[in-house]
Amino acid sequence: MNPLFLLILLTAINHLTFVGVRLTVTLYAVRLEASPAVIGVLMALFAVVGTMTSVGVGRWIDRIGPRKPMLLGTAMMVAGAGLAFVWRDLAALFVVSIGGGTFYNVFFIAQQRLVGEYGRPEDRVANFSRVGLGFSAASFAGPLITGFAIDALGHSVAFALLALLPLVPFTVIWLNKLAFPHARKRHSKEAGARTGGGVLQLLRGRNLRRIYGVSVLSASIWNIFLFLMPIYGAQIGLSASTIGVIIGSFSFGTIVVRVLVPLLTRRFTPWQLLIMALVFASASFLGFPAVTGAPMLVLFSFSLGMGLGLSGPLSLSLLHDASPPDR
């Protein structure tokens with residue numbers, strides 16, 4: 001198998017596990033009668049350590065290569081989901097949230113590095129686009145599989161099944177079935193030239209600040225939806241499988257709109273599309289409190305996914321264009 005396609009498959013499996021664990025943690029916390037504030041803390045814990053350690057993790061991967069970090073991240077994802085099966089208590093969910101989010105982030109950074117090493121430099125845009133479709137497909141399948149597993153087998157067994165999935169990537173990487181090309185080493189002068197000042201220096205650019213603001217806004221809406229939808233669905237009496245379908249329709253919306261991006265960018269400027277995407281997403285978001293039926297929630301979720309799925313690539317494109325050439 002083409003090493004890139006094998007990497008996309010392994011990455012999709014781990015991403016499906018991450019999405020599934022996050023949904024199961026939310027619904028299990030609701031089942032244990034945790035307050036929305038506690039559930040919000042649980043969701044934040046998936047990202048908090050990764051936010052503070054990503055730069056250090058990236059430097060560590062630069063030194064030792066991506067193979068060992070990918071193995072470590074995958075093994076700890078198995079352990080995190082398995083812990084929730086053995087330790088069936090609200091306290092366990094805090095450990096699962098921290099461990100699952102942190103070590104998935106390690107795997108994510110390492111596989112992004114590996115994608116950049118496959119093929120020629122001119123192939124990278126296409127390679128990252130293919131990987132992005134793999135993420136979207138996993139984000140679509142993860143809630144569906146997890147929701148039906150919870151309804152049929154219960155939360156604890158769902159955690160056990162999710163713990164088994166990352167064993168596939170772990171085994172493939174452990175047996176050296178995935179190619180790890182040697183990265184080109186940068187000369188110290190070249191590496192120093194590319195750093196060109198600190199993060200605060202980039203914030204001085206007005207265009208960059210505007211793009212950062214829009215990026216934070218769209219990412220916040222994305223994560224608020226993934227946090228609120230399971231709670232809202234449980235409050236209005238929807239089953240776990242129905243909630244999974246609703247969240248899956250959101251991911252399907254991101255897939256559809258990303259396929260349409262080349263067509264849209266020929267008719268509108270990136271800023272026009274970005275403003276339209278945020279307005280579209282906001283209108284969709286406002287519709288959720290007005291409905292309780294699953295079909296309308298699926299429709300609003302799909303339209304929200306289309307809006308936010310468009311804002312992500314556009315923000316990255318604008319960020320690339322507005323950044324200094326050496327940054």
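The side chains of Asp62 and Arg113 meet in a salt bridge with an N to O distance of 2.7 Å; the term denotes a side-chain nitrogen of Lys or Arg within 4 Å of a carboxyl oxygen of Asp or Glu. Asp62 belongs to helix H2 (residues 36–64) and Arg113 to helix H4 (residues 90–117), so the pair ties together parts that are 51 residues apart in sequence. The structure holds one salt bridge. Helices are DSSP runs (H or I, at least four residues), numbered from the N terminus.

The model is predicted: local features need pLDDT of at least 70 and side-chain atom pairs count only at pLDDT 80 or more, whereas totals for chains, interfaces and linings use all residues. Residues are numbered from 1 along each chain as its sequence is written, and side-chain values use heavy atoms, with hydrogens and water left out.

Asp62 is exposed, with a relative accessible area of 54%, while Arg113 is partly exposed at 22% (buried, under 20%; exposed, over 50%; partly exposed, in between; 1.4 Å probe, protein chains only).

Phe85, Val86, Trp87, Val95, Leu153, Val157, Leu161, Leu164 and Leu167 make a nonpolar surface patch of about 790 Å². Patch residues have over 30% relative accessible area and no salt bridge, and nonpolar side chains (Val, Leu, Ile, Met, Phe, Trp, Tyr) are joined within 5 Å. Helix H6 (155–164) supplies the largest share, three residues. Leu153 lies in helix H5 (residues 124–153).

The average pLDDT (the predictor's confidence in each residue, from 0 to 100) of the chain is 85, and 87% of the residues score at least 70.

Terms used:
Patch = residues over 30% accessible without salt bridge, like charges linked within 9 Å, V, L, I, M, F, W, Y side chains within 5 Å. Areas by Shrake-Rupley, 256 points an atom, 1.4 Å probe, with all protein chains shown as cover. Helix = DSSP H or I, 4+ residues; strand = E, 2+ residues; numbered from the N terminus.
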